[in-house]
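Morning, everyone. Please look at the sequence and the model on the screen. I'll walk through it in a few stops.

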Amino acid sequence: MKVNFFKFFIIFLSIILSIILYLSIFGIETKKFNQEIKDKVSKSNKNLNIDLNKVKLTLDPLKLMVNAKTIGATIYYSNRPLQLEYIQTKVSINSIFKEKLVSSNFEIASRSILLKDFIKFTRSITFKPELLILETMIKDGY
């Protein structure tokens, strides 16, 4: 009886460790959270919209965090697009179980864009006269 229990425990433990190892190294790609992310972005600002590709989730078991990263996203503000290289964040495993996503270390990297286009995008978000003057002074650049 003890031998059967021990074998069962070893097999169960090795399956759990294999799953944790797979999720830590390879992770999974999903589109499951895309609509929830879009809703949160739209809720924060009505003029802001985002197009996301698949989100890759990898596990960090030592910090009890899930790393989420998407490549090739596009942000739209008042229908003005801004191409992004990637969006990356870390989500606490505890917040996933509580069904309230709390992210930290939010990182956004944009593709190479014209400086004038970036200033136009920034002007559409914040209405500062300095940005209008800066836009008229800049001729080109990335």
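**A walk through the model**

K46 counts as exposed, because its relative accessibility is 73%. Exposed means over 50% relative accessible area, buried under 20%, and partly exposed in between, with a 1.4 Å probe and protein chains only. This is a predicted model: local features need pLDDT of at least 70, side-chain atom pairs count only at pLDDT 80 or more, and totals for chains, interfaces and linings use all residues. Residues are numbered from 1 along each chain as its sequence is written, and side-chain values use heavy atoms, leaving out hydrogens and water.

Where is K46? In the loop between helix 2 (34–44) and strand 2 (48–51). Helices (H or I, at least four residues) and strands (E, at least two) are DSSP runs, numbered from the N terminus.

Next, I25. This residue lies in helix 1, residues 2–25. I25 counts as exposed because its relative accessibility is 52%. I25 and F121 are 96 residues apart along the chain, and their C-alpha atoms are separated by 37 Å.

Now F121. In helix 4 (residues 115–125), F121 is buried, and so are I119 and S124. What covers the buried residues of helix 4? The cover includes strand 5 (74–77), strand 6 (80–92) and helix 5 (129–137).

Last stop, D60, in strand 3 (residues 55–60). D60 is buried yet has no salt bridge. A salt bridge needs a side-chain nitrogen of Lys or Arg within 4 Å of a carboxyl oxygen of Asp or Glu. For D60, the nearest side chain of opposite charge is K63, 4.4 Å away.

Notes: Lys, Arg positive; Asp, Glu negative; His and termini not counted. Contact = heavy atoms within 4.5 Å.
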